[in-house]
Amino acid sequence: MKKISLTKMIILGLILGMIAGVAINNMASAETAKSYAQDISIFTTIFLRMVKMIIAPLVISTLVVGIAKMGDAKTLGRIFSKTFFLFICASLLSIALGLVIVNMFQPGAGINFVAHDAGAVAAVQSEPFTLKVFISHAVPTSIIDAMARNEILQIVVFSIFLGCSLAAVGEKGAAIVKVLDSLVHVMLKLTGYVMLFAPLTVFAAISGLIAERGLGVMVSAGIFMGEFYLTLGMLWAILIGLSTMIVGPCISRLTKAIFEPALLAFTTSSSEAAFPGTLDKLEKFGVSSKIASFVLPIGYSFNLVGSMAYCSFATVFIAQACNIELSMGEQITMLLILMLTSKGMAGVPRASMVVIAATLNQFNIPEAGLILLMGVDPFLDMGRSATNVMSNAMGAAIVGRWEGEHFGAGCRGKAPVKTPEQERPATEHSEVAMS
């Protein structure tokens, strides 16, 4: 038998959960249905605990290794500063767009979700978020303590400092980078194992929800999906429009060329799977290997705009569903937190769930609200992955343009004389970059 993909298993769990939930809702008494929903929520609790279990080592390993391997040459520093500035702007844009759309349409209003985990509900407290609280909370007093309490913001700050320090010491820190690089692969494999429980969790979450509330609760999920894809469509239009203004009308050639790797990312729900194809298309478009092979890997950690838009959109959606009102100040704070917590998650299927779980905890929103997303997350992950591929390709082209590169007719700037490196075949560039 051919191996069934995780996405298909989750969809199967969703369908079976809906069938079981409708059957119990129609055939069992209200008390029995409520008891079933409470009992089967144990699978959701276990899955949420496993997700929280992988947060700290996953962030530390991926983020530290990514920063440490950047190097410290003058040219590299210049390109990095331009890349970082671009990615910060794109991140702010995507997160803000998600917040604007979710506040405009209010997809979570009226769901009135109540977590069965009484402890999680009891832990909800209103604590004002100020700039002073945000900054003081961001700096850890102990990384061990931060990891023990899953303080994701403090873990990110420590990882940034450690990554920069390892890059500065060079060869002396190579052994540590090698160990952490091995930890990256271990954590990716562990994350894959954790996600194997997702189909069962989806079945438990959906069947329990429908058994207690009825099939009508799924209407809100459909509205949520439609409004989020509208957000992604607007994000595509804005990013391509800005790229056209900076690079020139020739960006349409890159948009058409990038369709193939974006489609691969969409069908596999993995932007990593599209990396080689994206690199090849960029070099054929005219972006030098030096820039393309640098910007793309960094982009997979720092420029996941589709995922970031989803994190802000989904977090506020859960708050709305739980009847928790977030002030404008709290939502701006959320934007700043997501700017950091969304980094370092490259290559992890459905990693946005990990980021959302961490963000919910920062705002005292019940983590059990994640079950509202799990049934539809596979469908949304496809759109997020394709958007991430597109945004990273546009980012590489913009950085190339800022470095004085020219991409042919219809592009801004003057065409420079090609160097021997630029005249090498694109496939050769890709092999060197991937090695």
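A surface patch here is made of residues with over 30% relative accessible area and no salt bridge, with nonpolar side chains (Val, Leu, Ile, Met, Phe, Trp, Tyr) joined within 5 Å and like charges within 9 Å. A salt bridge is a side-chain nitrogen of Lys or Arg within 4 Å of a carboxyl oxygen of Asp or Glu, and accessible areas come from the Shrake-Rupley method with a 1.4 Å probe, where for residues only the protein chains shown count as cover.

This is a predicted model, in which local features need pLDDT of at least 70 and side-chain atom pairs count only at pLDDT 80 or more, while totals for chains, interfaces and linings use all residues. Residues are numbered from 1 along each chain as its sequence is written, and side-chain values use heavy atoms, leaving out hydrogens and water.

Let us start at the surface. Met9, Leu12, Ile15, Leu16 and Ile19 make a nonpolar patch of about 430 Å². Leu16 belongs to helix α1 (residues 6-27); helices are DSSP runs of H or I with at least four residues, strands are E runs of at least two, and both are numbered from the N terminus. With a relative accessible area of 42%, Leu16 is partly exposed, a class between buried (under 20%) and exposed (over 50%).

Residues 79-102 are 100% helix and 0% strand, with end C-alpha atoms 35 Å apart. Residues 223-247 are also 100% helix and 0% strand, and their end C-alpha atoms lie 36 Å apart.

Now to the rings. The structure holds 7 aromatic pairs, counted when ring centres of Phe, Tyr and Trp (its six-membered ring) lie within 6.5 Å; planes under 30 degrees apart are stacked, over 60 edge-to-face, and the rest tilted. Two of the tilted pairs are tabulated here.

| Pair | Centre to centre | Angle between planes |
|---|---|---|
| Phe85 and Trp402 | 6.4 Å | 40 degrees |
| Phe224 and Phe313 | 5.2 Å | 55 degrees |

Phe85 in helix α3 (residues 74-105) and Trp402 in helix α19 (residues 377-402) are 317 residues apart, so their pair links distant parts of the chain. Trp402 is partly exposed, at 32% relative accessibility. Phe224 lies in helix α10 (residues 217-247) and Phe313 in helix α15 (residues 305-321), so this pair ties together parts 89 residues apart in sequence. Phe224 is buried at 0% relative accessible area, and Phe313 is buried at 0%.

Phe224 and Phe313 belong to one aromatic cluster with Phe228, Tyr229, Tyr310 and Phe317. The charged end of Arg384 sits over the ring of Tyr310, 4.1 Å from its centre; the criterion is NZ of Lys or CZ of Arg within 6 Å of the ring centre and within 35 degrees of the ring normal.

Notes:
Buried means under 20% relative accessible area, exposed over 50%, partly exposed in between (1.4 Å probe, protein chains only).
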